[in-house]
Amino acid sequence: GPSLQSLLHSVLPDLRWLTRAAGAPKRRTLMLIDELEELPRGAYSGGIGYFTLHGAADLSVGIRLAVLRPGRRAWMGAGGAVLAGSDPLGEWAEAGVKAGAVTRAWA
């Protein structure tokens, strides 16, 4: 029978557009992120989760995470959202607080 991935893609044709925390309009925002950010986000701000064979699921968006690979450097993602009326410096400070939570978990 079809794989879980093929079933998901048939229902949700382009998961990248649906599962990223990026702002609005989403497609244009993701294009700008790809243009402006030096490194790809990888799992950061993407959909993370699992499905069980019994029909349960646990899904989330990775807004604070670390990726550790044997023999390589660790990668961390933490951020915030600048919206109309936001204080950009306050958002930057909040991102630092979020990153601190991840770095303390490594210690």
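Predicted model: local features only at pLDDT ≥ 70, side-chain atom pairs only at ≥ 80, totals over all residues.
Residues are numbered from 1 along each chain as its sequence is written, and side-chain values use heavy atoms, with hydrogens and water left out.

**View 1. Glu-94 pairs up with Lys-98 in a salt bridge.** The N to O distance here is 3.1 Å (a salt bridge is a side-chain nitrogen of Lys or Arg within 4 Å of a carboxyl oxygen of Asp or Glu). Both residues sit in helix H4 (residues 88-106), four residues apart, so about one helical turn separates them (helices are DSSP runs of H or I, at least four residues, and strands are runs of E, at least two, numbered from the N terminus). Lys-98 counts as buried, at 13% relative accessibility.

**View 2. Glu-35 meets Arg-28 in another salt bridge.** This time the N to O distance is 3.9 Å. Glu-35 is exposed at 56%, while Arg-28 is partly exposed at 42%. Searching the whole structure turns up two salt bridges.

**View 3. Tyr-50 sits in strand S1 (residues 47-51).** Tyr-50 is partly exposed, at 48% relative accessible area. Setting aside neighbours within four places in sequence, Tyr-50 is in contact with Ala-56, Ala-57, Asp-58 and Leu-59 (contact means heavy atoms within 4.5 Å). Ser-60 is ten residues from Tyr-50 in sequence, and their C-alpha atoms are 9.5 Å apart.

Methods:
Buried < 20%, exposed > 50% of the residue type's maximum accessible area, 1.4 Å probe, protein only.
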